[in-house]
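Morning, everyone. Please bring up the structure on your screens. I'll keep this short.

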Amino acid sequence: MTSQTSSRLVVVSNRLPLGDNPSGGLVVALEDALGASGGVWIGFSGQPSEAPADHLHDHPGARFRRLSFDLSQEDHDSYYAGYSNSTLWPLCHGRADLMRIVPEYLEGYRRVAGRIADLMVPHLRQDDRIWVQDYQLFPLAAALRERGVSVPIGHFLHIPFPGPADCAALPNPSELFQWLSHYDLLGFQTRRDLGAFVQSARQLSQFQPIDRDMIRLCGRTLRAGVFPIGIDASAFIAEARQAPDEDRMRSLTGARMMIGVDRLDYSKGIPQRFRAYQMLLDTRPDLIEQVSFLQIAPPTRGEVEAYQDIREETEHLAGRINGQFATLNWTPIRFIHRPFPRAVLAGLYRQARIGLVTPLADGMNLVAKEYVAAQDVADPGVLILSRFAGAAETMTDALIVNPHDPQEMAEAMAEALAMSSVERRRRHAALLQGVIEQDVSWWSSRYLDRLRPVQ
Ligand code: ADQ
């Protein structure tokens, strides 16, 4: 961090990373900024509760404080499962058809923002800067301003911003822009998202560009910019180097592995990936027993119907492909629903000749960066990347595909399997340089450098 280290940082996210040793790129990136300023991280405890309470976690030796809050079951259902994940998530991922508009969801979403603001106010200081994470908390700045908070507040959106046609499907689109206007800095993952925000704001609210990154939105002046998130690259590289060879299938059959690692979510394009693999095996019988596909996809948000549907669809497809192509020695798809420790994932990425990252829509996609970081530079694998992942804006040396086109994806798989070592190393070196240079600390310090009062 550079210019603003003297102010205290307050981070607010939907979930508070808890536990003795919470890991993950975001935590690592924010730990320095939070630790250096004696900051506070505020978020949901993860436990719906009959008697919701707030808890201050002051661990001895911790570099910053954590403040968690419980939610009642009703608030959890309306704010989290409801408006956040059944209204906004599908809308932001181009699936307005899956969106559920329920008045109680929006009420709960507004109510929880007010509750978090009430919880925060007594803990705030005049020299604070507040950094709000993601779509679950759009209304938080407006709720804090209503309570007299005037310190700089920034927002970072981890997922895509919807264009005007999708935004117009919201029950009250102008309210979204009202909420956003109370921030001092709006951060997006890609130029595409910033562009979608500008177009939607122009059409659906009062918007004027002022100068460079300054805008007028609903009568207020603020900044908006692009801050592509990265991973904790050096840690990932080190972990992958130390990882044991976990690919038992390769040691048994010699088949080269393709890997997909995603939350089981309809935005990640898993059925489309399975169909492309089916087409590859159909059209290239010589690859039977020569390639295997490991898909790791732990289910999330099981309380939302669309997630039950995607689980059924993917299980059915994997079963069909295995039934059609498996031999006594070889299973074409291993489909695993468990989360794995980061060190194990790093080892699996390193063993995989192909990383399949083919979402239909995605803010960034960190798996693409993890896959690249984990490779052996002397014999790296090939990243196949959807043009709809935010990562595709910078990771142009991947094989870029349209995830809706099974033939194009099957051809990319065949091309990657046949790719010369020279070509693999050339592409990987360019990708790795970007992953290392634009890591998660680069992301947070660039954002925090710009989070200051607008006037
Ligand atoms: P996600 O939708 O969760 O994040 P992604 O960026 O791919 O998507 O991050 C997933 C993370 O979870 C990765 O670090 C991955 O290693 C980990 N993970 C996935 N499956 C796992 C498993 N089985 N076991 C253990 N870990 C697993 C949202 C947005 C993205 C954006 C990120 C960060 O949707 O577009 O890139 O936030 O901004």
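This is a predicted model: local features need pLDDT of at least 70, side-chain atom pairs count only at pLDDT 80 or more; totals for chains, interfaces and linings use all residues.

Let's start with helix α11. It runs from residue 305 to residue 325, so it has 21 residues.

Now look at which parts of α11 are hidden. Buried residues in α11 are Ala306, Tyr307, Ile310, Thr314, Leu317, Ala318, Ile321, Asn322 and Phe325. Look down the axis of α11, and those buried residues fall within an arc of 130°, so they line one face of the helix. Turn to the other side of α11. There, Glu305, Glu312, His316 and Gly323 are exposed.

What covers the buried residues of α11? The cover includes helix α2, residues 73-92, and helix α10, residues 270-283. It also includes strand β13, residues 333-336.

Next, the ligand. There are 22 residues around the ligand. Which of them come nearest? They are His158, Phe340, Asp362, Leu366 and Glu370.

Zoom in on the oxygen atoms of the ligand. A polar side-chain atom of Asp362 is 2.5 Å from a ligand oxygen. Arg263 also has a polar side-chain atom there, 2.9 Å from an oxygen of the ligand. Asn365 uses its backbone: an N or O atom of that backbone lies 2.9 Å from a ligand oxygen.

How much of the ligand does the protein cover? On its own, the ligand has 710 Å² of accessible area, and the protein covers 81% of that. Two elements give two or more residues to the shell around the ligand: α12, residues 342-351, and α13, residues 366-374. Helix α13 gives the most, with three residues.

Now for two loop residues with positive phi. Arg212 sits in the loop between β8 and β9. Its phi is near 40°, a positive value in a residue that is not glycine. Is Arg212 buried or exposed? Arg212 is exposed, because its relative accessible area is 79% and the cut-off for exposed is over 50%.

Cys218 is in the loop between β9 and β10. Cys218 is not a glycine either, and its phi is positive, about 50°. Cys218 has 15% relative accessibility, so it counts as buried. The cut-off there is under 20%.

Over to Ser45, in strand β2, residues 40-48. Ser45 is buried, with a relative accessible area of 14%. What does the side chain of Ser45 contact? It makes a polar contact with the side chain of Asp70, at 2.8 Å. A polar atom of the Ser45 side chain is also 3.2 Å from the backbone nitrogen of Gln47. Leave out residues up to four places away in sequence, and Ser45 touches Arg15, Leu18, Ser68, Phe69 and Asp70.

Last stop: Ala430, in helix α15, residues 421-437. Ala430 is partly exposed, with a relative accessible area of 33%. Now find Asp397. Asp397 and Ala430 are 33 residues apart along the chain, and their C-alpha atoms are separated by 6.8 Å.

Notes: Residues are numbered from 1 along each chain as its sequence is written. Side-chain values use heavy atoms; hydrogens and water are left out. Helices (H or I, at least four residues) and strands (E, at least two) are DSSP runs, numbered from the N terminus. The expected span of a helix is 1.5 Å times one less than its number of residues. Buried means under 20% relative accessible area, exposed over 50%, partly exposed in between (1.4 Å probe, protein chains only). The arc is that of the directions from the helix axis to the C-beta atoms. Contact means heavy atoms within 4.5 Å. A residue is near a molecule or strand if one of its heavy atoms lies within 4 Å of it. A polar contact is a pair of N or O atoms within 3.5 Å; within protein, one must be able to donate a hydrogen and the other to accept it, and residues adjacent in sequence count only if both atoms are side-chain atoms. Accessible areas come from the Shrake-Rupley method with a 1.4 Å probe; for residues, only the protein chains shown count as cover.
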